[in-house]
Amino acid sequence: MNKKPTAFLLTVLLVLLTAVSSLDFSSRQLVDEKTSLQSDSAPVIAEAKGADKQWQPKSFKLEEQLVNREEIGHYIVETYREYEVYTDGQGNVKESVPTSNYNYIRYRKN
């Protein structure tokens with residue numbers, strides 16, 4: 001009577017071990033494929049046409065500008081929007097791009 005539960009448990013254990021070992025084998029194959037691609041291939045450097053010019057990132061700073069002021073109940077609510085302000089080497093503003101970030105400041109009226 002004691003042999004049936006033991007045989008059942010051994011069968012379940014054997015099925016679980018088989019499933020786990022097959023998962024481990026397939027994940028090991030994926031790791032081996034990725035490392036073989038990395039070690040065999042040489043790095044490729046892409047160049048754009050007219051690459052003789054030195055690429056310079058645009059210089060910008062983030063600024064907030066007041067876009068709305070309203071009274072709501074006993075409060076004054078100011079809405080500020082963030083802008084990316086692009087400048088040239090002399091500090092002249094070339095472009096101002098609004099972002100999707102807003103800040104709200106609430107003041108209590110006296």
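The bridge partner of S59 in strand β2 is T87. This pair belongs to the antiparallel pairing of strand β1 (residues 59-72) with strand β2 (residues 75-87), which extends over 13 bridges; two strands are taken as paired if DSSP finds at least two bridges between them. The model is a predicted one, in which local features need pLDDT of at least 70 and side-chain atom pairs count only at pLDDT 80 or more, while totals for chains, interfaces and linings use all residues. Residues are numbered from 1 along each chain as its sequence is written, and side-chain values use heavy atoms, with hydrogens and water left out.

The protein contains 1 helix and 3 strands, in the order α-β-β-β from the N terminus. Helices (H or I, at least four residues) and strands (E, at least two) are DSSP runs, numbered from the N terminus. β1 and β2 form a hairpin with 2 residues between them, and G73 in the turn has a positive phi of about 60°. β2 also pairs with strand β3 (residues 93-108), in the antiparallel sense and over 12 bridges. Within β3, P98 stands opposite Y83. The hairpin of β2 and β3 has 5 residues between the strands, and G91 there takes a positive phi near 95°.

Strand β2 includes E78. E78 is classed as buried because its relative accessible area is 6%, the limits being under 20% for buried, over 50% for exposed and partly exposed in between (1.4 Å probe, protein chains only). The side chains of E78 and R69 are joined by a polar contact of 2.5 Å, that is, a pair of N or O atoms within 3.5 Å; within protein, one must be able to donate a hydrogen and the other to accept it, and residues adjacent in sequence count only if both atoms are side-chain atoms. Leaving aside residues up to four places away in sequence, E78 touches L66, N68, R69, N103, Y104, I105 and Y107, where contact means heavy atoms within 4.5 Å.

F8 lies in helix α1 (residues 3-40) and is exposed, with a relative accessible area of 56%. Across the protein, buried residues make up 8% of the 110 residues. Of the contacts between residues at least 6 apart in sequence, 35% join residues at least 24 apart. The protein exposes about 10300 Å², of which carbon and sulfur atoms supply 57%; accessible areas come from the Shrake-Rupley method with a 1.4 Å probe, and for residues only the protein chains shown count as cover.
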